[in-house]
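Here is a short briefing for a reader who is meeting this structure for the first time.

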Amino acid sequence: RLSVYDMSNIRISKHAREQMVERGVREEEIIEAIRSGEELPARRNRKKFRKNFSYCKEWGGKVYKTKQVVPVIAEEKGSIIVVTVLSFYF
């Protein structure tokens with residue numbers, strides 16, 4: 001579990017920042033997903049974390065109750081690098 005890491009060691013890649021804008025994800029949601037979300041394996045020896053957030057807002061012209069945030073991370077020398085982020089609205 002990554003909670004052993006200092007959460008201040010999280011870096012967000014340029015690609016992930018672009019995805020955050022496109023997919024409506026805030027940095028706080030990424031950190032919270034890593035801190036307390038469900039940890040799952042990802043491709044290329046990476047990890048991903050899945051966390052549902054109460055949303056109850058409009059996204060893409062439709063109102064959704066829940067937003068799921070899924071950051072994909074690589075661990076590098078004690079740091080966590082968010083390589084991309086997915087979001088799902090339902």
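Which strands each supply at least two residues of the lining of the largest pocket? They are β3 (46-59) and β5 (79-89), strands being DSSP runs of E of at least two residues, and helices runs of H or I of at least four, numbered from the N terminus. This is a predicted model, in which local features need pLDDT of at least 70 and side-chain atom pairs count only at pLDDT 80 or more, while totals for chains, interfaces and linings use all residues. Residues are numbered from 1 along each chain as its sequence is written, and side-chain values use heavy atoms, with hydrogens and water left out.

**Pocket**
- The lining of the largest pocket consists of A42, R43, R44, R46, K48, V72, V83 and T84, where a pocket is an open set of points on a 1 Å grid over the protein atoms alone, where a 1.4 Å probe fits, with protein on both sides within 12 Å along at least five of seven lines, and lining residues have an atom within 4 Å of a point.

**Salt bridges**
- Nine salt bridges are found in the whole structure, each a side-chain nitrogen of Lys or Arg within 4 Å of a carboxyl oxygen of Asp or Glu.
- E29 pairs with R26 at 3.4 Å, N to O, and also with K67 at 2.9 Å, N to O.
- Because E29 lies in helix α2 (residues 27-36) and K67 in strand β4 (residues 62-76), their pair ties together parts that are 38 residues apart in sequence.
- K47 and E75 form a further salt bridge, with their closest N and O atoms 3.1 Å apart; K47 lies in strand β3 and E75 in strand β4, so this pair links parts 28 residues apart in sequence.
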